[in-house]
Amino acid sequence: MAVGVYSLASRFSEGCPICGPFSGVFSSRKRRGSGSVPVKAGYPSRWTPQRSLISDKQLYGPMYKVGMGRFNSIALNSVELLEELLRKDEKFPSRGDMSLWTEYRDLRGIGYGPFTEEGEKWYKLRTVLNKRMLHPKDSVQYGDVVNEVVSDLIKRIYHLRRLSPSGDLVTNLSNELYRFSLEGISSILFETRIGCLEEEIPVETQDFIDSIAQMFSYSMPVAMLPKWSRNILPIYRRYIDSWEGIFKFSGKLIDMKMEAIQKRVDTDQDVEGEYLTYLLSNTKMTNKEVYGSIAELLLAGVDTTSNTMMWAMHLLSRDPNVQDTLYQEVSHCIPGDKIPSAQDVNRMPYLKAVIKETLRMYPVVPMNARIMVENDITIGGHFFTKKTSFTMCHYAISQDEKTFPEPSKFKPERWLRDGRVRPNPFGSIPFGFGVRGCVGRRIAELEMYLALARIIKLFEIRPDPSIGEVKALNRTVLVADRQVNLHFVERTNEAAL
Ligand code: HEM
């Protein structure tokens, strides 16, 4: 077995709130007769680490050490090991060191949110945040809000098509879907629209979008550079400025909501509202925690949803049969010009299967991490001391042909509950697992279902052959390696809006 050092820096994006990979040291001891854990050697040649996870498994087996300096981890690359680890998850699971994000919060006295908080405090925070968000019935209440945003997305698709020379092409779909997702999650979290789908994005909203992009792009250099360089190089200042921009924008919207609530309280009126109102009127949460949590929910909820939608449309455009089956289901369940409601989605199993299969082929979070904080642990017959960091190789695991025959084929029917044997549930867990799993799952699914159902009802989506073969890159989330354009060929007319 090869022995050497593997560069984690080229494998992970350390700004990643979900992987939390720059965390901890590991220490393993072999159990009698179990052999040692192989160490992965060499550097990947391109930024396609999710694909190299598949070849790693062939070279090193399902468990191997990856690391650089003090950043080490044990990669788990089989469904069995993944299940074993997650079934032993601790009461307060941890993904690892989040100091890159907590530093700014400490500097400004802002509370931590669900990503950055740990231990019992994290648990208490999640108890409040989960309500009105995590149960499938909770998401139903956001159906109308999401549908309003979907209507604007569809108007925008019509507008962009009209501008294109062929009359039906939408270019740079990722960018359009980013605007849709940010508008969608903001309208739920802030209970207000922020204009991302308008032709001219309002200046404050654009500054906010730029701040998010800046924060992610400066995370990497800030993590890599020594602390003493912060006063000399401008990078750290820019990184801090980006957080200022994020909190300035979200803080202003939260303050406006607080004022509105206060006015109602002062005039003895009932306080009614959606998620932010619920958080602000919840006595278990301080305002500091609301600021921290809303910002982290926003940051987690945009690229994840938008890239998944982009991959779904990309896959559908390349598979007319799947697209047609989806169209048949949607038009049967949603006759005429009716706008699908959150409840209607439950009558569309194929729609749900399309998203599930998209997330299997392109798990937007291709790797995730866990650190056993409290206890030593045995995985696959190997003993690891507490504080060991584990990397869960979701991308490779969901491409394993033992769990998913013909893994590179887009087959939504694998997920149908029509009597067939369904795959091992740990084979594809795009939203994570257990109490630390994704809090926004139901919201994300609702947004994707409602948008996709309406788009497919109105348009046949076709690929743009000029862009060539689209590959996935790991940039914290799985993104396309090029600009994706799609033809939206109209099935009916604009009156269906
Ligand atoms: C397709 C869309 C999405 C995918 C695939 C996704 C995936 C994930 C994954 C894999 C995790 C880590 C779970 C774990 O460690 O077990 C996570 C955590 C999280 N997600 Fe999502 N997510 C999506 C959308 C959203 C949305 C829309 C929101 C906000 C409303 C959101 C908020 C969060 C938060 C706050 C966490 C951290 C939870 C914690 O540490 O307690 N996500 N997500």
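**Close-up views of a predicted model**

**View 1. The shell around the ligand.** The ligand has 28 residues around it, and Arg 95, Trp 122, Arg 126, Arg 436 and Cys 438 come nearest. A residue is near a molecule if one of its heavy atoms lies within 4 Å of it. This is a predicted model: local features need pLDDT of at least 70 and side-chain atom pairs count only at pLDDT 80 or more, while totals for chains, interfaces and linings use all residues. Residues are numbered from 1 along each chain as its sequence is written, and side-chain values use heavy atoms, with hydrogens and water left out. The shell has 16 nonpolar, 8 polar and 4 charged residues. Here Ala, Val, Leu, Ile, Met, Phe, Trp, Tyr, Cys and Pro count as nonpolar, Asp, Glu, Lys and Arg as charged, and the others, Gly among them, as polar. Helices H4 (119-130), H11 (287-301), H12 (303-317) and H16 (441-458) and strand S5 (368-371) each supply at least two shell residues. Helices (H or I, at least four residues) and strands (E, at least two) are DSSP runs, numbered from the N terminus.

View 2. Cys 438 (SG) is the only protein donor of the iron atom, at 2.3 Å. Donors are N, O and S atoms within 2.8 Å of the metal (3.2 Å for Na, K and Ca); water is not among the atoms, so sites may look incomplete. Cys 438 sits in the loop between helix H15 (394-397) and H16. For Asn 368, a polar side-chain atom lies 2.9 Å from a ligand oxygen.

**View 3. His 314 in helix H12.** His 314 is found in helix H12. At 4% relative accessibility, His 314 counts as buried (under 20% relative accessible area; exposed is over 50%, partly exposed in between; 1.4 Å probe, protein chains only). Its side chain makes a polar contact with the side chain of Arg 318, at 3.2 Å. Such a contact is a pair of N or O atoms within 3.5 Å; within protein, one must be able to donate a hydrogen and the other to accept it, and residues adjacent in sequence count only if both atoms are side-chain atoms.

**View 4. A sheet of 3 strands.** The open sheet runs S4-S12-S9, with antiparallel pairing. Its edge strands, S4 (169-170) and S9 (459-463), each pair on one side only. Two strands pair if DSSP finds at least two bridges between them. S9 and S12 (residues 486-490) are joined by 5 bridges. Arg 462 stands opposite His 487 in S12.
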